[in-house]
Amino acid sequence: MRGRTALLVLPGLAILLVAFLIPSIAMLFSPPGISPGEVFARLGRMLTDPYDQAIVVRTLGLGLIVTVVCIGLGYPIAYLLSRSTSRWAGVLLALAIFPLLLSSVVRTFGWLVVLGSQGAIPQLLLTLGLVDSAPQLLYTPLAIVLGLTQIFLPLAVVASYSALAQVDAGLDEAARGLGANRTRTFWSVVVPLSGPGVVVAATLVFAGAVTAYTTPYLLGGSRQRMLSTQLYTYSSTTIDWAAASATALIMTVLVFAVSGLSSLAARRGATS
Amino acid sequence: MTHAARFHGVSQVFGDFTAVDNIDLDIPDGKLTTLLGPSGCGKTTSLRMLAGYLAPTRGTISIAGVDSTRTPPERRNLGMVFQSYALFPHMSVADNVGFGLKMRRVPAADRARRVTESLELVGLAHLSASKPKKLSGGQQQRVALARAIAIRPKLLLLDEPLSNLDARLRIQMRAEIRRIQAETGLAVVLVTHDQDEALEMSDEMVLMKDGRIQQQGTPQAVFPAPANRFVAEFLGYENFLTDAGGATTTIRPEHLALSVSERTPAAETGAVLPGVVLDVAYRGVDVLVTVASADVSGARVELLADLRAESAPDLTPGADVWVHVPATHLVPLAAD
Amino acid sequence: MTHAARFHGVSQVFGDFTAVDNIDLDIPDGKLTTLLGPSGCGKTTSLRMLAGYLAPTRGTISIAGVDSTRTPPERRNLGMVFQSYALFPHMSVADNVGFGLKMRRVPAADRARRVTESLELVGLAHLSASKPKKLSGGQQQRVALARAIAIRPKLLLLDEPLSNLDARLRIQMRAEIRRIQAETGLAVVLVTHDQDEALEMSDEMVLMKDGRIQQQGTPQAVFPAPANRFVAEFLGYENFLTDAGGATTTIRPEHLALSVSERTPAAETGAVLPGVVLDVAYRGVDVLVTVASADVSGARVELLADLRAESAPDLTPGADVWVHVPATHLVPLAAD
Amino acid sequence: MRTRHPIAASLAVGGYVVMLVPILFVVVTAFTAGSTLRFPPDGFSLRWFEAALTYEPFTSSLLSSLMLAAISAVLALALGVPVALAVHRGALPGRSVVEGLFLSPLIVPELVVGLALYQQLMVGFGLDNFQTLLLGHTVLMFPYAVRVTGASLALIDPAVEDAARGLGASPGRTFLSVTLPLLRPGLFSAALLSFITSFNNVPLSLLLQSRDFRTLPVVMLDYVQQNYDPIVAAISVLILAGTVLVAVIAERTVGFARVFGGINR
Amino acid sequence: GCSGGSDDGDADTIVVSTFPFGVEEFTEAVLDPFTEATGIEVEIDTGSNADRLSQLQLEQGEGGVDVMLISDTYAAIADSEGLFQEVDPGAVPNLEAIAPFAVEDAYTGPAYSYQLNGTMYNTDELDATEAADWELYANDDYAGRLALPDIAVTAGQLTVSGVASTYGDGPFDVDTAFATMAGWAPNVLQFYSSTTEMTNLLTQGEIVAGGALNGFATDLIAAGEPVGWTPPAQGRYMATNRAMIPTGAPNLDGAHQFIDYLLSAEAQAASAALVGDLPVNLSVEIPAELTAVVGDVALDPTAAGYETLDPNEIVPNRNEWVERFAREVVGG
Ligand SMILES: Nc1ncnc2c1ncn2[C@@H]1O[C@H](COP(=O)(O)OP(=O)(O)OP(=O)(O)O)[C@@H](O)[C@H]1O
Ligand SMILES: Nc1ncnc2c1ncn2[C@@H]1O[C@H](COP(=O)(O)OP(=O)(O)OP(=O)(O)O)[C@@H](O)[C@H]1O
Ligand SMILES: [Mg+2]
Ligand SMILES: [Mg+2]
């Protein structure tokens, strides 16, 4: 039986190899007209350049912040929806999914209207007298975090929900009966049991946030450069494939490292 | 008498089905109360309302004299063994048992000691590091028991806590529950389907049927005097006879005697009915004999006699026998 | 005798723990075999190997004479009631019960009829449209039983199938299982912790301890002659005495008699030992009396007597009594 | 919805605000009578909706996108769920390596993947655009199909699968009749995420367009590069409305939460 | 760049690769009349400059495209890699009819249209003179309400060169340009890389002015928005869109016929009217909508002081300039 279950991987793996892994690896290490040596040389230069280092740090930092915010907001939504018996739960779930359908370019306009100096938030703050002049929100890290949160929060909700929906509510009850209030029940029973789902959700969000281009560019502006905007510049403006590959390699390693660490941590947490 | 808990006119309606129907129930303090009744009669539902998992559709529940109908479970200080155990699959046996203590912020050292104590009590100290998935059914059930006991609650709710244990272990566990109860003076509500268990352990028995309470009292009061046919049947009164006045009376199989001639054994006050043996079932120390007979009203009845194997006459199906029905053990029944 | 199934030197090792230890076991065809033993002794593990869910670490299992060690569960044509029920939560009760029939491509009309039949048998026809989550514990257990029975398998494996049912329902279900077995001639393996159930239902009993088989035989053979102290204790022999020759003998509580004077009741062949009453427990129709005494070798023993309530002398703790030990019921034991 | 989780509820409300408020502004602007995307809108009219519906590139690429998303989501699940099964139910050697591999399409920047697929599949193997897009999108969805369903699968009690086998179901039947229905929340999530990922995808699809087969997001992107008028808001609102419609129908017929709901419903 | 379904080598068909927007108008203005005139069917293939260049690189000039309409910078990059072939002047008589700047030797193919760099501004807040002055960007009164193109977009390089020639020694004195622009940067809300993003900021009232190509102002001005466009007072540069023939073009003859038609007065007039492209055939009448934006400049841009940039200066330095722009002007 063991041999046979392993066979289930084969069709998917074959497609993955042919339609993704082999072409991508070839492209990453040896883009058109460029040798792997040049890619690595460029990679070396990037990793030692303070300007590029700052971009890596910013990308990692914003990626992590967005992930934390998305899980921090999305998991409670998923939890409440998965435990609710209300008819509204279905509607709310659908509402959490709609935003995914809006093209990111269009969404950005919404943020312009909310965050721009003439927009809703600065004007509201002015009206309330909380600030003297409209604060600069657009083209700041905050704008990127908000924009990326909007894009990836639905993903966090949906991915967490699918795990939470499978956690037996009877165990919540058992914990409550043993004196755990809702909060502690949540942390000691619900969270660990849905942990693998949360790790998946976090990985999806982090990978998405690190590789997203449009939102960080349009909301973060030219000053908040991230790896993805750099990659875009290299591949679409300067057509500098060595730099593009080097940037893509850094992004790939970053996401792999973070997702690997998080699932390791989760596994450690589950077995301790 | 103080009450550990009290149901006042409590009902639980699921959709259009009434699982618990307007019950008033007092759980005496410091006593062990058993809840008995057929499968689906509302025992678990009642416990779940008492524990706070299910809000009553109607009525109120007070705990220790305070209306607690809306109190969340974690503030009721109850221990509960769920019929389905509900062990935490991601925690070791020890962590399961220690969970309630942790919630009560018992210091780690104390906690470890009490966990070990509770696990020793159920004979599972050697499995404290295992995950519940790896335990046998009975072992899981005992972990659930240890988990509920470890917190030393004011009120312990046990939903068939011993159903998957063998007789010896059951007897041992019953004794432990009784001992803990005596030592700590807590109140216990025990759901069981085992009459012996109920009779042996209860201070108070509550019999339920279709969501309603049929009878409540000490075993000594209830057992010899079932209030109605349902209770009688449930307690193992197998024989129902209509007396000369048309009222129904009942008698336990153990109280019937059989003889091949009418005279022996010495006739007591009561009826002696002729009959034909239908079935003889060997059960170790005793023998169950089913006899087709007719009661004093002339109606055909099937009677079941439970005889000690060594003193039973040698009977085979088809044999004619006399059934002796001692008047002292005949119990008159109210209509259902 | 044909065999429905046979274990040859089967072991199951989990990590470094041997749950089933080199057992040889024959399951006779057309009979009901019970598997008894303390919690965690390997009963469920044995059933799971027989059903094909767990490959034996060592040994082979043959079914109907064919080595089936590597046959997947779905090709063994077995019905199984899991200790944890394992009902399909997403299907209605009827769909759960009909599942096996569907897999066997029984036409829909036939299937509906057999589902209804099976559900009627367990008294749940009225709940056929419910989801398992909404059922009480005992109802779920009965659905599991109906599901296993509905497919009319060649071999029916029941892992504590009645543990959550009340006495009346249990008796009824036992009768149904026996009836089905008699009608269809299938073989049944029943795990139970209930001695009465085992004695009443079994054609063959298998006693296990720590993954090993201790004794196997008909109830009539095993019950009066337990092979060792473990079996004796397990079957409710509470009293162990060392005889003059230093060998251990045992006797059931029901076979002890008590008298306040040595003479009455009329002494039979056997010992009459003086003792002091330690405890008297009321149990409905009988009374359990614990007596501190000394056996013929002079060793201090605690004896338990189970007396019919009406014929028991009036005793209180501290009273002096004579314990009558009839030689005919004394069972010599092999060393463990 | 009444809740006894004040903290979780506040976080949830915050989440919904972040998700929905910017969209509300966009929705409102689509009804402008003016010719620029501006808030507050200049008057009210439906002209941009009419324009969106009659702009042929939008309508034809919408159909293409829907088709591509649907087919590739089905393909991804058909290939990915067996992988999740092998990872969580079988004794697969190198389990975490396999999981990592199937996560990687999400990690390698899509621009690079698009270029790689163009080079290898279209130029190299001579596949046409649609085939390449289909393969690319399918692969892009693998992370959802494998990991999201996997997280769900890990929580399903294997005993019920045993029970099905014991009742005569082959592993395949067991999967179809027991595992799959129980996996519904995971499958549904994965399908939804996959579908949407494909439906919104730009970077991977950019290079793989052809004159016959173009996807909506790329067409929209092309459009806004020249002209950022309310027509793009209008088409977005139309898509949202379509989704609401589907959701309402799902809710009315089967119940959205039921389709999506797990063992506790 | 798609090979699927294209009838390579078919004498009656050509594949034209063009920009992804305004395709319907372009078809009506040029493609359909061309087919009518020559009997040659046109299949079109669209994509951004960068995407199509990437595709061309990956296909090494093959891929079935006969004519590629592409911006000058990208045309020059591809030229530098030898991906285009020389357009045969003998086969394109209309080369004679177009402005001299459109037939520079630096490219293998002619320009068929051009775009002017300038400043787009809010007419309620600024007048044309203020907007034309580069010092606008140094004016603190408008701090945070100005936008400039990133060097990555077409207008970006033109702006850098405009600043370089105004404040330094000629269009390629990027050191001066970068230093000057870095001084402006605190006033600049966004160095945009999508012009519609900038127009959005403008119409939403977030900015008062921003550097932009003339083409993006046409619709806004026609719609009556309070928006104007003006050439800079100094440092006027323009970009061209060019018609190039890939080395692997299957239908060379058709390609030449198409380019010839594209440069004809008829096609130039139609695309000015329908697409809004400024004609390189200067004899063509300029539609009112375009003159409303650019005034008389379009009659003869060279005479108005507009120059093109030498690709041989740009292509080798572009990557470095892009990097430097990000670091020195935009800041990290
Ligand atoms: N997967 C497993 N891993 C490790 N140990 C296991 C596993 N499954 C069972 N065991 C151990 O094997 C022993 C036998 O278990 P089994 O379930 O067969 O007991 P059982 O006889 O059915 O007991 P019960 O009457 O309590 O159900 C137990 O001690 C149990 O802890
Ligand atoms: N959530 C529910 N929805 C609908 N009906 C329910 C629900 N929970 C329980 N019931 C029904 O209510 C009745 C009482 O259930 P309960 O679990 O209290 O029975 P019980 O007395 O504990 O039985 P058992 O001895 O079989 O465990 C049963 O008929 C059951 O089917
Ligand atoms: Mg119950
Ligand atoms: Mg078991």
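Is B:Thr44 buried, partly exposed or exposed, and at what relative accessibility? B:Thr44 counts as partly exposed, at a relative accessibility of 22%, and the numbered points below place this residue in its setting within what is a predicted model.

1. Overall confidence. The predicted model scores ipTM 0.83 and pTM 0.85. For chain E the mean pLDDT is 91, with 97% of its residues reaching 70 or more; residues 1-8 of that chain, however, stay under 50 in pLDDT, and for this stretch the model has 22 contacts beyond four places in sequence.

2. The magnesium ion of chain B. Ligand 3, a magnesium ion, is coordinated by OG1 of B:Thr44 and OE1 of B:Gln83, at 1.9 to 2.2 Å. Because B:Thr44 lies in helix H1 (residues 43-51) of chain B while B:Gln83 lies in the loop between strand E6 (78-81) and helix H2 (93-103) of chain B, the pair ties together parts that are 39 residues apart in sequence. B:Gln83 has a relative accessible area of 16% and is therefore buried, the cut-off being under 20%, whereas B:Thr44, at 22%, counts as partly exposed.

3. The magnesium ion of chain C. Ligand 4 is a magnesium ion coordinated by C:Thr44 through OG1 and by C:Gln83 through OE1, at 1.9 to 2.2 Å. The pair links distant parts of the chain, with C:Thr44 in helix H1 (residues 43-51) of chain C and C:Gln83 in the loop between strand E6 (78-81) and helix H2 (93-103) of chain C, 39 residues apart. As to accessibility, C:Thr44 is partly exposed, with a relative accessible area of 23%, and C:Gln83 counts as buried at 15%.

4. Ligand 2. This ligand lies between chains B and C, and of the 18 residues around it, B:Lys43, B:Thr44, B:Thr45, C:Ser136 and C:Gly138 come nearest. On the chain B side, a polar side-chain atom of B:Thr44 lies 2.6 Å from an oxygen atom of the ligand, and a backbone N or O atom of B:Gly42 lies 2.9 Å from an oxygen atom of ligand 2. On the chain C side, a polar backbone atom of C:Lys134 is 3.1 Å from a nitrogen atom of the ligand.

5. Backbone geometry in chain B. B:Asn22, although not a glycine, has a positive phi of about 55°; this residue is found in strand E2 (residues 17-28) of chain B and counts as partly exposed, at 47% relative accessibility. B:Glu160 also has a positive phi, near 50°, in a residue other than glycine. B:Glu160 lies in the loop between strand E7 (155-159) and helix H5 (167-184) of chain B, and at 3% relative accessibility it counts as buried.

Conventions: Residues are numbered from 1 along each chain as its sequence is written. Chains are lettered from A and ligands numbered from 1 in the order in which they are written. This is a predicted model: local features need pLDDT of at least 70, side-chain atom pairs count only at pLDDT 80 or more; totals for chains, interfaces and linings use all residues. Side-chain values use heavy atoms; hydrogens and water are left out. Donors are N, O and S atoms within 2.8 Å of the metal (3.2 Å for Na, K and Ca); water is not among the atoms, so sites may look incomplete. Helices (H or I, at least four residues) and strands (E, at least two) are DSSP runs, numbered from the N terminus. Buried means under 20% relative accessible area, exposed over 50%, partly exposed in between (1.4 Å probe, protein chains only). pLDDT is the predictor's confidence in each residue, from 0 to 100. Contact means heavy atoms within 4.5 Å. A residue is near a molecule or strand if one of its heavy atoms lies within 4 Å of it. A polar contact is a pair of N or O atoms within 3.5 Å; within protein, one must be able to donate a hydrogen and the other to accept it, and residues adjacent in sequence count only if both atoms are side-chain atoms.
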